[in-house]
Amino acid sequence: MWGILRQKAGGVTGLSSQGLGNQMLRLRPVASAMRSYSSATKEMTVRDALNSALDEEMAADPNVFVMGEEVGEYQGAYKITKGLLDKYGPERVVDTPITEAGFAGIGVGSAYHGLRPVIEFMTFNFSMQAIDHVINSAAKSNYMSAGQINVPIVFRGPNGPAAGVGAQHSQCYGAWFGAVPGLKVLVPYSSEDARGLLKAAIRDPDPVVFLENELLYGESFPVSAEVLDSSFCLPIGKAKIEREGKDVTITAFSKMVGYALKAAEILEKDGINAEVINLRSIRPLDRATINASVRKTNRLVTVEEGFPQHGIGAEICASVVEDSFGYLDAPVERIAGADVPTPYAANLERMAFPQIEDIVRAAKRACYRSPMAANAS
(Lines give C-alpha, C1' and ligand atoms only; values in the text may rest on other atoms or scores of the structure.)
Protein backbone atom coordinates (compact mmCIF):
# COMPACT_ATOMS: atom_id res chain seq x y z
CA MET A 1 0.00 0.00 0.00
CA TRP A 2 2.83 2.40 0.85
CA GLY A 3 4.21 1.75 -2.62
CA ILE A 4 0.88 2.81 -4.10
CA LEU A 5 0.88 5.97 -2.02
CA ARG A 6 4.41 6.78 -3.17
CA GLN A 7 3.30 6.34 -6.78
CA LYS A 8 0.40 8.71 -6.23
CA ALA A 9 2.65 11.25 -4.53
CA GLY A 10 5.17 10.91 -7.34
CA GLY A 11 3.02 12.78 -9.80
CA VAL A 12 0.45 10.47 -11.30
CA THR A 13 -1.74 13.42 -12.17
CA GLY A 14 -2.56 12.85 -15.82
CA LEU A 15 -4.73 10.08 -17.17
CA SER A 16 -3.20 7.40 -19.35
CA SER A 17 -5.40 5.74 -21.98
CA GLN A 18 -5.90 2.87 -19.57
CA GLY A 19 -6.77 5.27 -16.76
CA LEU A 20 -9.20 7.12 -19.03
CA GLY A 21 -10.81 3.80 -19.88
CA ASN A 22 -11.19 3.04 -16.20
CA GLN A 23 -12.83 6.40 -15.63
CA MET A 24 -15.25 5.86 -18.52
CA LEU A 25 -16.09 2.43 -17.13
CA ARG A 26 -17.24 4.11 -13.94
CA LEU A 27 -19.70 6.27 -15.86
CA ARG A 28 -21.54 3.33 -17.44
CA PRO A 29 -23.15 1.37 -14.63
CA VAL A 30 -26.28 3.32 -13.76
CA ALA A 31 -27.60 3.35 -17.31
CA SER A 32 -26.79 -0.31 -17.94
CA ALA A 33 -28.34 -1.38 -14.65
CA MET A 34 -31.79 -0.18 -15.70
CA ARG A 35 -32.15 -3.29 -17.88
CA SER A 36 -34.08 -6.31 -16.64
CA TYR A 37 -32.01 -9.26 -15.40
CA SER A 38 -34.37 -12.21 -15.55
CA SER A 39 -32.66 -14.94 -17.57
CA ALA A 40 -30.87 -16.93 -14.87
CA THR A 41 -28.02 -19.06 -16.20
CA LYS A 42 -26.27 -20.37 -13.05
CA GLU A 43 -26.17 -20.30 -9.28
CA MET A 44 -23.67 -18.22 -7.28
CA THR A 45 -23.14 -17.79 -3.57
CA VAL A 46 -23.13 -14.34 -2.03
CA ARG A 47 -19.53 -15.00 -0.94
CA ASP A 48 -18.44 -15.69 -4.52
CA ALA A 49 -20.40 -12.70 -5.78
CA LEU A 50 -18.55 -10.37 -3.41
CA ASN A 51 -15.20 -11.98 -4.17
CA SER A 52 -15.67 -11.74 -7.93
CA ALA A 53 -16.76 -8.10 -7.67
CA LEU A 54 -13.64 -7.21 -5.69
CA ASP A 55 -11.43 -9.15 -8.09
CA GLU A 56 -12.85 -7.49 -11.19
CA GLU A 57 -12.70 -3.98 -9.74
CA MET A 58 -9.11 -4.48 -8.59
CA ALA A 59 -8.19 -5.74 -12.06
CA ALA A 60 -9.92 -2.79 -13.74
CA ASP A 61 -8.48 -0.06 -11.52
CA PRO A 62 -5.01 -0.21 -9.92
CA ASN A 63 -6.12 2.40 -7.37
CA VAL A 64 -8.45 -0.11 -5.71
CA PHE A 65 -6.96 -1.96 -2.73
CA VAL A 66 -8.28 -3.99 0.20
CA MET A 67 -7.27 -3.54 3.82
CA GLY A 68 -8.34 -5.12 7.09
CA GLU A 69 -7.76 -7.88 9.61
CA GLU A 70 -6.89 -11.26 8.04
CA VAL A 71 -7.85 -10.19 4.50
CA GLY A 72 -4.56 -11.47 3.05
CA GLU A 73 -2.69 -14.47 4.42
CA TYR A 74 -5.83 -15.97 5.97
CA GLN A 75 -7.86 -15.21 2.80
CA GLY A 76 -10.43 -13.24 4.78
CA ALA A 77 -12.26 -14.11 7.98
CA TYR A 78 -15.26 -15.14 5.82
CA LYS A 79 -13.15 -15.89 2.70
CA ILE A 80 -14.50 -12.88 0.82
CA THR A 81 -10.93 -11.93 -0.19
CA LYS A 82 -9.86 -15.47 -1.09
CA GLY A 83 -7.17 -15.54 -3.75
CA LEU A 84 -6.68 -11.79 -3.93
CA LEU A 85 -3.33 -11.68 -2.09
CA ASP A 86 -1.74 -14.16 -4.52
CA LYS A 87 -3.12 -12.22 -7.48
CA TYR A 88 -2.46 -8.62 -6.43
CA GLY A 89 0.26 -8.82 -3.78
CA PRO A 90 0.64 -7.39 -0.27
CA GLU A 91 0.64 -3.75 -1.38
CA ARG A 92 -2.97 -4.07 -2.57
CA VAL A 93 -4.24 -6.69 -0.11
CA VAL A 94 -3.06 -5.33 3.21
CA ASP A 95 -3.25 -7.32 6.45
CA THR A 96 -3.53 -5.10 9.51
CA PRO A 97 -3.25 -5.44 13.27
CA ILE A 98 -6.45 -5.47 15.34
CA THR A 99 -6.81 -1.70 15.21
CA GLU A 100 -9.93 -0.51 13.43
CA ALA A 101 -9.25 3.15 14.18
CA GLY A 102 -5.77 2.78 12.67
CA PHE A 103 -6.55 1.09 9.37
CA ALA A 104 -9.80 3.00 8.82
CA GLY A 105 -7.89 6.25 9.26
CA ILE A 106 -5.16 5.14 6.86
CA GLY A 107 -7.89 4.18 4.39
CA VAL A 108 -9.56 7.58 4.57
CA GLY A 109 -6.20 9.32 4.15
CA SER A 110 -5.39 7.25 1.07
CA ALA A 111 -8.83 8.08 -0.39
CA TYR A 112 -7.98 11.77 0.05
CA HIS A 113 -5.02 11.10 -2.28
CA GLY A 114 -7.11 9.45 -5.01
CA LEU A 115 -6.89 5.78 -4.10
CA ARG A 116 -10.02 3.64 -3.71
CA PRO A 117 -9.68 1.63 -0.50
CA VAL A 118 -12.06 -1.15 0.48
CA ILE A 119 -11.89 -1.43 4.26
CA GLU A 120 -13.12 -4.69 5.76
CA PHE A 121 -14.45 -4.76 9.31
CA MET A 122 -14.56 -8.30 10.69
CA THR A 123 -17.95 -7.27 12.01
CA PHE A 124 -19.60 -3.86 11.86
CA ASN A 125 -19.83 -3.92 15.62
CA PHE A 126 -16.08 -3.24 15.52
CA SER A 127 -16.59 -0.25 13.25
CA MET A 128 -17.50 1.68 16.41
CA GLN A 129 -13.76 1.74 17.11
CA ALA A 130 -13.37 3.70 13.87
CA ILE A 131 -16.53 5.79 13.99
CA ASP A 132 -14.64 9.11 14.06
CA HIS A 133 -12.94 8.32 10.75
CA VAL A 134 -16.11 6.99 9.13
CA ILE A 135 -18.24 9.99 10.12
CA ASN A 136 -15.99 12.99 10.75
CA SER A 137 -13.16 12.20 8.33
CA ALA A 138 -15.00 10.45 5.48
CA ALA A 139 -18.68 11.44 5.46
CA LYS A 140 -18.28 15.17 6.11
CA SER A 141 -15.20 16.04 4.06
CA ASN A 142 -16.86 16.65 0.70
CA TYR A 143 -19.36 19.11 2.21
CA MET A 144 -16.82 20.84 4.45
CA SER A 145 -14.41 21.30 1.52
CA ALA A 146 -17.14 22.79 -0.71
CA GLY A 147 -16.89 19.78 -2.99
CA GLN A 148 -13.12 19.95 -3.42
CA ILE A 149 -12.39 16.68 -1.58
CA ASN A 150 -13.87 13.36 -2.64
CA VAL A 151 -13.49 10.33 -0.39
CA PRO A 152 -14.00 7.23 -2.57
CA ILE A 153 -13.84 4.62 0.17
CA VAL A 154 -15.93 1.52 0.96
CA PHE A 155 -16.39 0.21 4.49
CA ARG A 156 -17.69 -3.34 4.22
CA GLY A 157 -18.25 -6.44 6.34
CA PRO A 158 -20.94 -8.48 8.12
CA ASN A 159 -23.69 -6.54 9.87
CA GLY A 160 -26.55 -7.53 12.14
CA PRO A 161 -27.11 -10.76 14.06
CA ALA A 162 -25.35 -13.98 13.14
CA ALA A 163 -25.95 -16.99 15.42
CA GLY A 164 -24.78 -17.47 18.99
CA VAL A 165 -22.21 -14.69 19.03
CA GLY A 166 -23.72 -12.47 21.71
CA ALA A 167 -24.71 -8.82 21.93
CA GLN A 168 -21.35 -7.32 20.97
CA HIS A 169 -21.33 -9.07 17.60
CA SER A 170 -25.02 -8.98 16.69
CA GLN A 171 -26.25 -5.44 16.11
CA CYS A 172 -27.65 -3.91 12.93
CA TYR A 173 -26.04 -0.55 12.18
CA GLY A 174 -28.26 0.38 9.25
CA ALA A 175 -30.08 3.11 11.16
CA TRP A 176 -26.82 4.44 12.69
CA PHE A 177 -25.08 5.01 9.37
CA GLY A 178 -28.31 5.73 7.49
CA ALA A 179 -28.77 8.88 9.58
CA VAL A 180 -25.48 10.46 8.46
CA PRO A 181 -25.34 12.96 5.55
CA GLY A 182 -22.42 12.27 3.25
CA LEU A 183 -22.61 8.49 3.52
CA LYS A 184 -24.26 6.04 1.16
CA VAL A 185 -25.48 2.87 2.88
CA LEU A 186 -26.10 -0.32 0.89
CA VAL A 187 -27.68 -3.57 2.11
CA PRO A 188 -27.40 -6.50 -0.36
CA TYR A 189 -29.62 -9.55 -0.14
CA SER A 190 -28.94 -11.77 -3.16
CA SER A 191 -25.84 -12.58 -5.18
CA GLU A 192 -27.01 -10.11 -7.84
CA ASP A 193 -27.26 -7.44 -5.15
CA ALA A 194 -23.83 -8.31 -3.77
CA ARG A 195 -22.07 -8.13 -7.13
CA GLY A 196 -23.85 -5.14 -8.56
CA LEU A 197 -23.92 -3.02 -5.43
CA LEU A 198 -20.31 -3.68 -4.40
CA LYS A 199 -19.11 -2.69 -7.86
CA ALA A 200 -21.19 0.47 -7.63
CA ALA A 201 -19.80 1.21 -4.18
CA ILE A 202 -16.18 0.86 -5.28
CA ARG A 203 -16.74 3.07 -8.32
CA ASP A 204 -18.62 5.75 -6.39
CA PRO A 205 -16.78 9.01 -5.55
CA ASP A 206 -18.30 9.16 -2.05
CA PRO A 207 -17.87 7.03 1.08
CA VAL A 208 -20.09 3.94 1.09
CA VAL A 209 -21.01 1.75 4.05
CA PHE A 210 -21.67 -1.75 2.70
CA LEU A 211 -23.63 -3.88 5.19
CA GLU A 212 -23.50 -7.59 4.45
CA ASN A 213 -24.99 -10.49 6.42
CA GLU A 214 -22.81 -13.33 7.66
CA LEU A 215 -25.62 -15.88 7.39
CA LEU A 216 -26.11 -15.07 3.69
CA TYR A 217 -22.50 -15.60 2.61
CA GLY A 218 -23.05 -19.30 1.85
CA GLU A 219 -26.50 -18.86 0.30
CA SER A 220 -26.78 -19.49 -3.46
CA PHE A 221 -28.94 -17.41 -5.78
CA PRO A 222 -29.60 -17.62 -9.52
CA VAL A 223 -27.65 -15.09 -11.58
CA SER A 224 -28.04 -14.20 -15.24
CA ALA A 225 -25.39 -13.73 -17.90
CA GLU A 226 -25.81 -9.96 -17.56
CA VAL A 227 -25.02 -10.12 -13.85
CA LEU A 228 -21.85 -12.09 -14.54
CA ASP A 229 -20.60 -9.53 -17.07
CA SER A 230 -17.69 -7.48 -15.74
CA SER A 231 -19.48 -4.24 -16.64
CA PHE A 232 -22.55 -5.12 -14.55
CA CYS A 233 -23.41 -2.60 -11.86
CA LEU A 234 -26.57 -1.66 -9.95
CA PRO A 235 -27.74 1.91 -9.37
CA ILE A 236 -27.33 3.18 -5.82
CA GLY A 237 -30.61 4.32 -4.28
CA LYS A 238 -32.93 2.10 -6.32
CA ALA A 239 -35.02 -0.59 -4.62
CA LYS A 240 -36.08 -3.83 -6.33
CA ILE A 241 -39.59 -5.26 -6.31
CA GLU A 242 -38.78 -8.91 -5.63
CA ARG A 243 -42.41 -10.00 -5.78
CA GLU A 244 -45.33 -8.06 -7.19
CA GLY A 245 -48.62 -7.98 -5.31
CA LYS A 246 -51.76 -5.96 -4.80
CA ASP A 247 -52.94 -6.46 -1.20
CA VAL A 248 -50.08 -5.38 1.09
CA THR A 249 -46.56 -3.94 0.68
CA ILE A 250 -43.72 -5.53 2.67
CA THR A 251 -40.38 -3.69 2.77
CA ALA A 252 -37.24 -5.49 3.92
CA PHE A 253 -33.47 -5.53 3.48
CA SER A 254 -30.61 -7.99 3.79
CA LYS A 255 -31.60 -11.39 5.26
CA MET A 256 -35.14 -10.20 6.01
CA VAL A 257 -35.91 -10.06 2.28
CA GLY A 258 -35.81 -13.86 2.22
CA TYR A 259 -38.07 -14.01 5.26
CA ALA A 260 -40.51 -11.60 3.62
CA LEU A 261 -40.61 -13.69 0.43
CA LYS A 262 -41.35 -16.85 2.43
CA ALA A 263 -44.04 -15.01 4.36
CA ALA A 264 -45.55 -13.89 1.04
CA GLU A 265 -45.78 -17.52 -0.08
CA ILE A 266 -47.68 -18.42 3.10
CA LEU A 267 -49.96 -15.40 2.73
CA GLU A 268 -50.73 -16.40 -0.85
CA LYS A 269 -52.30 -19.61 0.42
CA ASP A 270 -54.68 -17.49 2.49
CA GLY A 271 -55.62 -15.32 -0.47
CA ILE A 272 -53.37 -12.35 0.40
CA ASN A 273 -51.19 -11.16 -2.48
CA ALA A 274 -48.16 -9.42 -0.94
CA GLU A 275 -45.69 -7.17 -2.76
CA VAL A 276 -42.14 -7.54 -1.42
CA ILE A 277 -39.65 -4.68 -1.83
CA ASN A 278 -35.93 -5.33 -1.41
CA LEU A 279 -34.64 -1.92 -0.33
CA ARG A 280 -31.04 -2.55 -1.46
CA SER A 281 -30.14 0.98 -0.34
CA ILE A 282 -30.87 2.59 3.02
CA ARG A 283 -29.26 5.90 2.15
CA PRO A 284 -30.40 7.12 -0.29
CA LEU A 285 -33.79 5.51 0.35
CA ASP A 286 -36.00 4.79 -2.66
CA ARG A 287 -39.06 6.57 -1.32
CA ALA A 288 -40.66 6.74 -4.78
CA THR A 289 -40.81 2.95 -5.20
CA ILE A 290 -42.12 2.45 -1.66
CA ASN A 291 -44.82 5.09 -1.97
CA ALA A 292 -45.89 3.88 -5.42
CA SER A 293 -46.34 0.39 -4.00
CA VAL A 294 -48.33 1.60 -0.98
CA ARG A 295 -50.59 3.66 -3.25
CA LYS A 296 -51.35 0.40 -5.08
CA THR A 297 -51.76 -1.95 -2.10
CA ASN A 298 -52.99 0.59 0.49
CA ARG A 299 -51.17 -1.26 3.27
CA LEU A 300 -47.58 -1.40 4.57
CA VAL A 301 -45.49 -3.76 6.70
CA THR A 302 -41.83 -2.87 7.35
CA VAL A 303 -39.34 -5.54 8.41
CA GLU A 304 -35.85 -5.14 9.90
CA GLU A 305 -33.56 -6.80 12.43
CA GLY A 306 -32.48 -3.53 14.01
CA PHE A 307 -33.88 -1.92 17.14
CA PRO A 308 -37.43 -0.56 16.77
CA GLN A 309 -36.82 2.95 18.08
CA HIS A 310 -35.51 5.38 15.43
CA GLY A 311 -35.21 2.49 12.99
CA ILE A 312 -35.36 2.11 9.20
CA GLY A 313 -39.01 1.10 9.46
CA ALA A 314 -39.79 4.27 11.38
CA GLU A 315 -38.26 6.36 8.57
CA ILE A 316 -40.23 4.46 5.94
CA CYS A 317 -43.44 4.92 7.93
CA ALA A 318 -42.80 8.66 8.17
CA SER A 319 -42.21 8.87 4.43
CA VAL A 320 -45.46 7.05 3.65
CA VAL A 321 -47.46 9.13 6.13
CA GLU A 322 -46.04 12.32 4.63
CA ASP A 323 -46.54 11.35 0.98
CA SER A 324 -49.29 8.71 0.84
CA PHE A 325 -51.35 8.95 4.03
CA GLY A 326 -54.61 9.27 2.13
CA TYR A 327 -53.99 5.93 0.42
CA LEU A 328 -53.61 3.88 3.63
CA ASP A 329 -56.51 1.61 4.50
CA ALA A 330 -54.92 0.25 7.68
CA PRO A 331 -52.34 1.27 10.26
CA VAL A 332 -48.74 0.69 9.25
CA GLU A 333 -47.17 -2.41 10.84
CA ARG A 334 -43.51 -2.31 11.95
CA ILE A 335 -41.63 -5.57 12.54
CA ALA A 336 -38.21 -5.10 14.16
CA GLY A 337 -35.78 -6.68 16.59
CA ALA A 338 -36.53 -6.61 20.29
CA ASP A 339 -35.50 -3.49 22.21
CA VAL A 340 -32.76 -5.36 24.09
CA PRO A 341 -29.10 -6.25 23.52
CA THR A 342 -28.97 -9.53 21.61
CA PRO A 343 -29.28 -12.53 23.97
CA TYR A 344 -26.71 -15.33 23.74
CA ALA A 345 -29.06 -18.23 24.51
CA ALA A 346 -30.39 -19.70 21.27
CA ASN A 347 -34.05 -19.70 22.32
CA LEU A 348 -33.93 -16.09 23.50
CA GLU A 349 -31.95 -15.02 20.45
CA ARG A 350 -34.67 -16.37 18.17
CA MET A 351 -37.29 -14.45 20.12
CA ALA A 352 -35.27 -11.24 19.81
CA PHE A 353 -35.41 -11.07 16.00
CA PRO A 354 -38.23 -11.15 13.43
CA GLN A 355 -39.37 -14.56 12.23
CA ILE A 356 -41.43 -15.48 9.20
CA GLU A 357 -44.54 -16.01 11.30
CA ASP A 358 -44.22 -12.48 12.69
CA ILE A 359 -44.37 -11.05 9.17
CA VAL A 360 -47.36 -13.25 8.30
CA ARG A 361 -49.29 -12.12 11.37
CA ALA A 362 -48.51 -8.45 10.72
CA ALA A 363 -49.66 -8.68 7.09
CA LYS A 364 -52.87 -10.38 8.14
CA ARG A 365 -53.53 -7.65 10.69
CA ALA A 366 -52.98 -5.02 8.02
CA CYS A 367 -55.46 -6.83 5.78
CA TYR A 368 -57.93 -7.32 8.65
CA ARG A 369 -57.58 -11.06 8.32
CA SER A 370 -56.23 -11.89 11.78
CA PRO A 371 -58.37 -13.60 14.45
CA MET A 372 -58.28 -10.37 16.50
CA ALA A 373 -59.63 -8.37 13.58
CA ALA A 374 -62.35 -10.95 12.97
CA ASN A 375 -63.42 -10.87 16.63
CA ALA A 376 -63.49 -7.08 16.60
CA SER A 377 -65.90 -7.07 13.69
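This is a predicted model: local features need pLDDT of at least 70, side-chain atom pairs count only at pLDDT 80 or more; totals for chains, interfaces and linings use all residues.
Local features are given where pLDDT is at least 70, side-chain atom pairs count only at pLDDT 80 or more, and totals for chains, interfaces and linings use all residues. Residues are numbered from 1 along each chain as its sequence is written, and side-chain values use heavy atoms, with hydrogens and water left out.

**Helix α4 and its surroundings**

Let's start with helix α4, which covers residues 46-60. Helices here are DSSP runs of H or I with at least four residues, strands are runs of E with at least two, and both are numbered from the N terminus. The 15 residues of α4 reach 21 Å from first C-alpha to last, close to the 21 Å expected at 1.5 Å a residue; that expected span is 1.5 Å times one less than the number of residues. Buried residues in α4 include V46, A49, L50, A53, L54, E57 and M58. Here buried means under 20% relative accessible area, exposed means over 50%, and partly exposed lies in between (1.4 Å probe, protein chains only).

Another buried spot is A104 in helix α6 (residues 100-112), which counts as buried because its relative accessibility is 0%. A104 and G68 are 36 residues apart in sequence, yet 8.4 Å apart in space, C-alpha to C-alpha.

**Salt bridges**

How many salt bridges does the structure hold? There are 23 of them, each defined as a side-chain nitrogen of Lys or Arg within 4 Å of a carboxyl oxygen of Asp or Glu.

| Pair | N to O distance |
|---|---|
| K199 and E57 | 2.9 Å |
| R116 and D61 | 3.8 Å |
| R243 and E268 | 3.1 Å |

Take the bridge between K199 and E57. K199 sits in helix α10 (residues 191-203) and E57 in helix α4, so this pair ties together parts that are 142 residues apart in sequence. K199 is buried at 0% relative accessible area, and E57 is buried at 1%.

R116 and D61 also form a salt bridge. Because R116 belongs to strand β4 (residues 116-120) and D61 to the loop between α4 and β2, the pair ties together parts 55 residues apart in sequence. Both R116 and D61 are buried.

Next comes the bridge between R243 and E268. E268 is partly exposed, at 38% relative accessibility. Elsewhere, salt bridges that share partners join E56, E57, R195, K199 and R203 into one network.

**A negative patch**

Which residues gather in a patch of negative charge on the surface? They are E70, E73, D86 and D95. Patch members have over 30% relative accessible area and no salt bridge, with like charges joined within 9 Å and nonpolar side chains (Val, Leu, Ile, Met, Phe, Trp, Tyr) within 5 Å. D95 lies in strand β3 (residues 93-95) and is partly exposed at 34% relative accessibility.

**Backbone details**

E70 has a positive phi of about 65° although it is not a glycine. This residue falls in the loop between β2 (64-68) and α5 (84-88), and at 36% relative accessibility E70 is partly exposed. Y368 likewise has a positive phi, near 55°, in the loop between α16 (356-366) and α17 (371-376). Y368 is partly exposed at 47%.

Finally, R283 and P284 are joined by a cis peptide bond, with omega about 0°. P284 is found in the loop between β12 (281-283) and α13 (287-297).

Definitions and conventions. Accessible areas come from the Shrake-Rupley method with a 1.4 Å probe; for residues, only the protein chains shown count as cover. Lys and Arg count as positive and Asp and Glu as negative; His and the chain ends are not counted. The place of a charge is taken as NZ of Lys, CZ of Arg, CG of Asp or CD of Glu.
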